[in-house]
Each structure stands twice: as C-alpha cells, then as structure tokens.
Amino acid sequence: MKFTNGTWLSKEGFTVEAPKEIFEVERTDAALTLYAPYKAQKNRSDSVDCGMMTLRISSPAPNIISVRLCNFKGRKPRDAAFRLNTRNVTPVFAETADEYVFVSGSTEARVPKSGKFSVRFLYNGRILTSSGIDGPAHITDPDGRSYIRERLDLDVGEHIFGLGERFTPMVRNGQSVDIWNEDGGCDSDQAYKNIPFFLSNRSYGVFVNSTGRVSYEIGSEFPSKTQFSVPGETMEYFVLGGESMKHVLTLYSELVGRPSLPPSWSFGLWLSTSFVTDYDENTVLEFAEEMIERGIPLSVIHLDSYWMKGFEWTGFLWDSDRFPDPAAMIRKLHELGIRVCLWINPYIAQKSPLFQEGLDAGFFVTTGSGDVWQWDRWQAGMALVDFTNPMARGWYQKRLDDLIHIGVDSFKTDFGERIPVADSFYGAKALKEGIVYRGGLSAESMHNTYAYLYQEAVFEVLEKRLGKNKACIFARAASVGCQQFPVHWGGDCPSSYSGMAETLRGGLSLAVSGFAFWSHDIGGFSDGCDPDLYIRWLQFGLLSSHSRLHGNGQYKVPWMYGEEAAEIAAHFTRLKLGMMPYLYSAAIEATTLGLPLLRPMFLEFPNDETCQMLDRQYMLGASLLCAPIMTDTGTVRYYVPKGVWTNILTRDRVEGPCWRSEKHDYFTLPLLARENTILVTGKSDDTTEYDYLDSVTITVFELSDNRQVSVDIFSSDAQKSGVVRASRKGKTILIETEGIKGTCRLMLTNVFRIKLASQGVPEINEWGTLFVFSAGKIQIELL
C-alpha cells in the first residue's frame, strides 16, 4: 500500500506521523523500550499535543530480534495469532559512547543515544539493514482508518525473495505485494499461499507477525526501501540474521514450525480423475489397471469433487450411482499397491446432507445478526465451517475419520481462500453486518488464518489414525504454519509453456517461504494441453518433490497424449523411484533444517550473482541441477555454476561457470550432478516403498583430490539410517558404508585408469569405472 505522492508529499487526505528522535530508553531484563515522539523535542512545550510511537525491542529466539511498533496501546486484541515456537532468550545489553546495543546470539540492534531516530540491525558486526527517520510511521487515511508502517533500507545490489507462492518474477524488487489469500489462479498477481516473510540475499530475513493483510512495497514506492504496513495501531516484525540464506531459512522454519515428513509413498506418481470429467468406479479401476499394464508405477489415485454428487459439496457421502461400493473399490486399489485420496473443501452446500445438522448445532460462521453466512459461489447456499469452534472441528473430523476407516489414505484439502470479511465482496450481509467466529476472532485476521485451521484439522485426524510420518494432505491455500501439513500444490495453472514457467516461479518463491514439499498439475490445470507440453511437463513434474497428473476437463492419463507420452511417463516415474534414497534423505533434511527439496539456485550458490536471477531452473536437493524444457522445439538455455557437472541422463560433462543452449529429445533434459557428489540410488524403480539401505548404487561424481564427502541415507519408514563416505588422497580413493547392506554397485565418473581395488572387478565404460562390491569398504588405487 502506497502512502506518498513522490518523495516529499503524502497522498491527499493521508496524515503521516513518523518518529523524529528517541526521547527516552528503558531497559528491562528482556527488552529495550524506545519512546519516539513525532516531533523533535527542543523545549518542554514540544511534548504538548504531540503523539509518540513506542518501540519495544526483544528476542523470541536466538539470532532473531523483534521490533514491536505501537501508537495506541489500549485496543483490545481480537486478531488470530500465529503459533510460534518462541524461546526464553536472555539478551546481552551493551552501551557504547553513542549507542545502546541489544544482542541476541550473533544478531544485534543498535539505537543512538541522541540525534535522529534510527535502529540498525547487524549480524556478527555486518550491517543487515536499518530503519531511519522516515521508517516507522503511524498513518491515517481520509476515512480515519489507521495504519502502522515500517521502511527498511534496501542496499545496492540487494535482492528480496519470498512472500509466499507468487507467480510474478522471482525477485520481488519493484513489486507491490499484499499478503491476502485469493483464489486467483496462477496467471495473476494474486496468490493462494501468502506468507509475510521475505529473504534477502544479504543473509537476513524479515517476518511480519500479523495474521491479517500485510502490504509490501519492495523497492516500489521508494526504490531504496523495503516497506511493509498493517491496518491498526500496532505492528510487530522480526529480523532474522544468519551466516547464509540457508541459515536464515533454518531459523525461520524453527520459529514457525518445521515441515512434517510425508510418507514415502506420497513421493510416487499421483493420478487424478481431473475435475469435471465423466468418471465413475469403473473409470478409476480401469485407469489404475492400465497404468500397471503399461509399466507406469502408480502410487496414488485421486478422486476429485464428483465422488460426491453435485450441489452437495462437501457432504462426505459417495455418489452411490457412480460408486456403489466404495469400500470394495478402495480394497481393490490397495491390493494393486495404490493409495486413495479424496477431494474435500471446508464449505457445506445447502443441499448437503450435513447442512441442517451443522446449522442446528451452530457449526457455521455467522454474520453480526446471528444469521449463517451463505452465498452461491461454488456451491448453492454454501456455508463455512467455523474451525475456531472445537465442536465444529470435531464434527468435521468425524466425517473424515469415517472415510479413513474404509481405507482412504489422504485428502485433497482444496480451497480455503474465499473467506469472508466485512469489507469484501463475499456477500451483501457481510458488507452490512460483519462476520463472526465462535472464537471471537476478527474476520480480517481469520481470512488468511482459516487455511491453517482447516488443514490442521484434516492433518490431525490423518496423523492420529495412520501414525506419525504417515499423514499427507494435498493443499492449495496456505498461511504461516501450514508448512507443517504437507503437501501443497500450485493451484490452477494454464496449460501452456508460460504456465509451466510461472508455476516454477511460484514453487521457487514458496521454497524460500518455509515450505519444503510442493507439487503442481502436470500438463496444467486448464484444458488445451497437447502431447509435447504434456511430456515436457511430465519431466518437470517427476523431478519435483511430489508429482500429480490432474486437470479440469481433460483426463491426464498418459496414453491419451500418445504412446510416446506413456513411455516417457514410465521412464521418468521409474527414474524418480530409483532416486528415492536421495530424495527421502533430502526430505528428512527438510524436517530437521527447514530446507526445501526444490530450491532456487541462489540457495546453493549464494556468491554467484547470476544465480540470484534464475527462475527457469532449480536445484533438486543439494546436488542435482534441473532445467525443465519450456519450448515446443525441445531447446533449453540454462546456467551452470562453477565446477565440473555431469548430466546423469546423457553423461555429458560440463565445466562451469557457463551458459548452455541444448536440444533434447523426450527422454532427456538438463539434469546435472555437481562435482564431489555422492548420489545413492535404490534397487527398485517400480515402487517408493522398498529398502533404501539395501543393495544401493553409489555414484561418485568428479571426486577432487584431498576431498572427503559423505551422505546420510534413511530407510523408507525413516526408522533406520546409513551413511556413505568417499575420500580421495592422491591416487587413492576410499569408499566406506555404514548401515548399508547387500551387494552394492559403485560408479566413479571420469575415472578410467585403475591399478587395483580391494574388492570387485573394475568394469570400464564411457562414463567411468563400475565396481560391484559387498557393503562395507572398498579402496581403489589409480594409475
């Protein structure tokens, strides 16, 4: 939200009051409180008719500094609050001749003892950003509504990333962003998943602790500032300082909650019925059987909305005409090794068998008059389940539990963005009477928070019934905290190459907003997907953390796009399943460090400035570079950072830094392993559920002299672990395994001259040298 008219003027009718100096500083055991009047205090009379901002500096966790800005303190809190993992921090206070210093870990805030207002933030003595004389402000608009604003310095060459899943350019500089969930599709500046956290390439992050609308101007209203504002009289923001951008993400994910570990089966291929296609029980079983016949491993069948009758969403009752015996159908799918996911949403249509029950019990969100809020968009007369009401939550969960009881494994928690507020277009009554939740929370703060409560309720019942690390949802909306309930997918994307590109931008942006597991609709959601687009999107989709075939009016079963598409689907699905030891280890890293599986190039190469602008390629885990092909000519241009890289599909070696222009057939794309990588792949390529520690293939890429590297590998239930180590000293290469069993294969890339090996007979091919050895230790001497 912009408040100014150029550099010197405020917008007409707006009053801006900004602190001019720090009048007084109070220190307690845990905080510094700054009293900063809106007028310079030159004499005693200047304290008359002068407002003042109070700033409280504290620390919710090590290396994180909180700044709470307050104009009027007496407003009753009615807003929902994020559930943050705060800790008792004993800060260090210090004084210099000119400044007060507040220290948490290695992050500090410095405040001048006299002169103009400012707060500087540093990490290990390195300046991160600062707030100055025109930074914090209390603002009143022409209608008398108040806002709190902050501006932080944006340095030369500084780039800002994040703020949720956004489909606009990945670098946020120059953009205006509102943190406000909308069902706007992927081809707009709106977003399903809005997160008030941004990450700077200067290795710090800023999190605004507000559940309502947060408006950002990232170098847009003032090119040298990141600006954020909220309605009301108070605002709190956190500055997170770190050694690197990865470190900052780890701090942030610890604060808001680490992602849960999805079950291993969820990493396989999901096949949806699509939305408005004409399907029934026979369709579902025929699709599953043909996938198997064609050698395309299938992990999950998803039934979209029409497993229920139209006008009855969500009623949790099967359409008995199309699904006469759903329990038997689910048993058949389970016998084929296929899980089942059902579509749901948090709305109860008036024709739903549950509507009257929910109405009588008071389980729906109401207006100020006490009437249930309803409208006809999506489903006729639909109402909204009030998840702030524990009884309503339990009522909704009971319906889910009944479905889990007959074998349902997961739920697609669709929607959760169209949540009414008093000043929105969501129904005439809302405009006049306001919106009321049983928990007494404001509608404005619940608009974004609703997605969290909805997904939490669904994930909770799955986890309770199935067990820890066995629960998985497929969600579209998100707010802070939803990353704890994987998986999230990118929403309704156009079926085009530009739709594919904007989908990837959204995933990269979400990745630096605390979300580790992400998917998208292979081939695009909208109709019009052709075979070439479908195949290229298949490659991309099966090199994402989670992979789903889904659409609107088009089936997305591979053979409907040609026999070659079915072959490609089998090829890349099997490639992914074979890579499960690598992918699952990256997943466990996500749950411990908060680092995403699909990550922007700059996270792995923060000192390579070219990587900061790349939004058409990514790292899959820490070691694999992937550049999806987004043209109908099979051509791709991508960037390779410094080092020797190997395409694991074509075996081509590339020495970076360089730009590459290549043309690929449907069986290949740029998928490069960086040097000094140990890539462990599994013994199976037809299921995700096998022993990742048994009879593995170990590929060591371009191991440098005097280098030691290692990787951790975990079992598919995350209960056991192993490690593979590789070291090279001169002409000696040593490979050691712990917790690995069986007969293993070892490939040393670009190694052709072998003197002897402690076990196994070397087999030299065009890629390097292959050994078959018993797990434990193998030492190789080179010529």
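With which side chain does the side chain of Arg476 make a polar contact at 3.5 Å? The partner is the side chain of Asp414, a polar contact being a pair of N or O atoms within 3.5 Å in which, within protein, one must be able to donate a hydrogen and the other to accept it, and residues adjacent in sequence count only if both atoms are side-chain atoms. The model is predicted, with local features requiring pLDDT of at least 70 and side-chain atom pairs pLDDT 80 or more, whereas totals for chains, interfaces and linings use all residues. Residues are numbered from 1 along each chain as its sequence is written, and side-chain values use heavy atoms, with hydrogens and water left out.

A polar contact also links the side chain of Arg476 to that of Glu417, at 2.8 Å. Arg476 lies in the loop between strand 30 (473-475) and strand 31 (488-489); helices (H or I, at least four residues) and strands (E, at least two) are DSSP runs numbered from the N terminus. The relative accessible area of Arg476 is 2%, so the residue is buried (buried is under 20%, exposed over 50%, partly exposed in between, with a 1.4 Å probe and protein chains only). Leaving aside neighbours within four places in sequence, the residues in contact with Arg476 (heavy atoms within 4.5 Å) include Asp183, Tyr192, Lys193 and Trp489.

The protein chain contains 12 helices and 50 strands. Strand 42 (residues 697-701) has five of its five residues buried. Thr697, Thr699 and Phe701 lie on one side and Ile698 and Val700 on the other, and both faces are covered. Strand 42 runs antiparallel to strand 41 (residues 677-681), to which five bridges join it; pairing requires at least two DSSP bridges between two strands. In this pair, Thr681 stands opposite Thr697. Strand 46 (residues 743-749) runs parallel to strand 42 and is joined to it by four bridges, with Leu746 of strand 46 opposite Ile698.

Over the whole protein chain, 62% of the 783 residues are buried. The C-alpha trace spans about 90 × 70 × 45 Å along its principal axes. Among contacts between residues at least 6 apart in sequence, 68% join residues at least 24 apart.

The count of disulfides is zero, where a disulfide is a pair of cysteine sulfur atoms within 2.5 Å. For Cys50, the nearest cysteine sulfur is that of Cys70, 15 Å away. For Cys658, the nearest is that of Cys611, at 12 Å.
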